[in-house]
Amino acid sequence: MKKGFTIVELISVIAIIGLLAILIIPNVKNMIENSEEKSYKVQIKSIKDSAESFANEYFSLFPKENDASVTVDLKLLKDLSFIDYKIKNPKNSKYFSDDSLISLTRKENTYKATIYLRDSKKISNLTKYRKHIVMLKEKNLYSGSNYKSASNIVVSNFDELIYPNTKYSVAVINEPSTINKGFQTITYTVTIIEDAQTYVYTVKRDEKP
């Protein structure tokens with residue numbers, strides 16, 4: 001006749017399982033975190049590559065001075081099919097927000113991307129709604145007293161025709177909240193009237209207060 005486990009045996013089994021859990025769970029957690037970090041870096045590289053591809057394709061729109069920068073948002077890259085609409089942050093499974101900013105800085109004849117990401121639980125359901133490219137140009141993302149000037153805005157159609165200032169108006173809004181810790185968000189609202197149609201776009205910038 002088979003005997004059941006004694007209390008001592010049960011305690012021993014539970015102790016072994018507990019010990020294994022103590023040894024295994026941190027390793028599994030580390031493996032998951034490492035995998036998420038690797039996936040995150042892949043996504044970041046994908047966004048950078050997409051932004052730099054955009055800069056190379058629309059090179060004629062960009063300022064010609066070395067070290068000059070242009071700021072675009074992630075939504076523009078999505079609208080122009082340089083990046084997938086539903087790109088996510090693997091660390092928290094949220095979408096990279098449409099108003100995440102990418103600064104493209106000219107180095108000789110190429111542009112290098114620096115990314116300022118935000119996360120969002122939702123993304124816009126609208127796809128390819130833009131008829132224009134709207135960018136913010138500046139010498140340096142975090143310096144310069146003239147960053148609010150309408151002359152810092154580049155407005156173009158997809159055929160790379162740059163619009164004169166008479167074609168659009170620019171308003172600047174200082175948002176009271178800080179989306180990124182330590183940075184105030186400056187929002188440019190660009191209104192374009194074309195063929196009796198009105199189009200309104202925004203381009204943002206994070207400014208050190």
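**Close-up 1. Phe-96 is buried, with a relative accessible area of 0%.** Buried means under 20% relative accessible area, exposed means over 50%, and partly exposed lies in between (1.4 Å probe, protein chains only). This is a predicted model, in which local features need pLDDT of at least 70, side-chain atom pairs count only at pLDDT 80 or more, and totals for chains, interfaces and linings use all residues. Residues are numbered from 1 along each chain as its sequence is written, and side-chain values use heavy atoms, with hydrogens and water left out.

**Close-up 2. Tyr-40 and Phe-96 form a tilted aromatic pair.** The structure holds 6 aromatic pairs. Rings of Phe, Tyr and Trp (its six-membered ring) pair if their centres lie within 6.5 Å; planes under 30 degrees apart count as stacked, over 60 as edge-to-face and the rest as tilted. For Tyr-40 and Phe-96, the centres are 6.3 Å apart and the planes make an angle of 55°. Tyr-40 belongs to helix H1 (residues 7-57) and Phe-96 to strand S3 (residues 94-96), so this pair ties together parts that are 56 residues apart in sequence. Helices (H or I, at least four residues) and strands (E, at least two) are DSSP runs, numbered from the N terminus.

Close-up 3. Lys-91 lies over the face of Tyr-40, at 4.2 Å from the ring centre. A charge sits over a ring if NZ of Lys or CZ of Arg is within 6 Å of the ring centre and within 35 degrees of the ring normal. Lys-91 also forms a salt bridge with Glu-37 (2.9 Å, N to O). Lys-91 sits in the loop between strand S2 (88-89) and S3, while Glu-37 is in helix H1, 54 residues apart. A salt bridge needs a side-chain nitrogen of Lys or Arg within 4 Å of a carboxyl oxygen of Asp or Glu. Lys-91 is partly exposed at 41% relative accessibility. Glu-37 is partly exposed too, at 30%.

Close-up 4. Asp-49 and Lys-45 meet at 2.8 Å, N to O. Asp-49 is partly exposed at 34%. Asp-79 is buried at 6%, and Lys-75 is buried at 4%.

**Close-up 5. Glu-52 is buried yet has no salt bridge.** Glu-52 is part of helix H1. Its nearest side chain of opposite charge, Lys-112, is 4.8 Å away. Lys and Arg count as positive and Asp and Glu as negative; His and the chain ends are not counted. Beyond four places in sequence, Glu-52 touches Leu-104, Tyr-111, Lys-112 and Ala-113. Contact means heavy atoms within 4.5 Å.

**Close-up 6. Tyr-111 joins a ring cluster.** Ring pairs link Tyr-111 with Phe-54, Tyr-58, Phe-59, Phe-62 and Phe-82. Tyr-111 lies in strand S5 (residues 110-116) and is buried at 2%. Leaving aside neighbours within four places in sequence, its contacts include Glu-52, Ala-55, Pro-63 and Leu-104. Tyr-111 and Val-70 are 41 residues apart in sequence and 9.4 Å apart in space, C-alpha to C-alpha.
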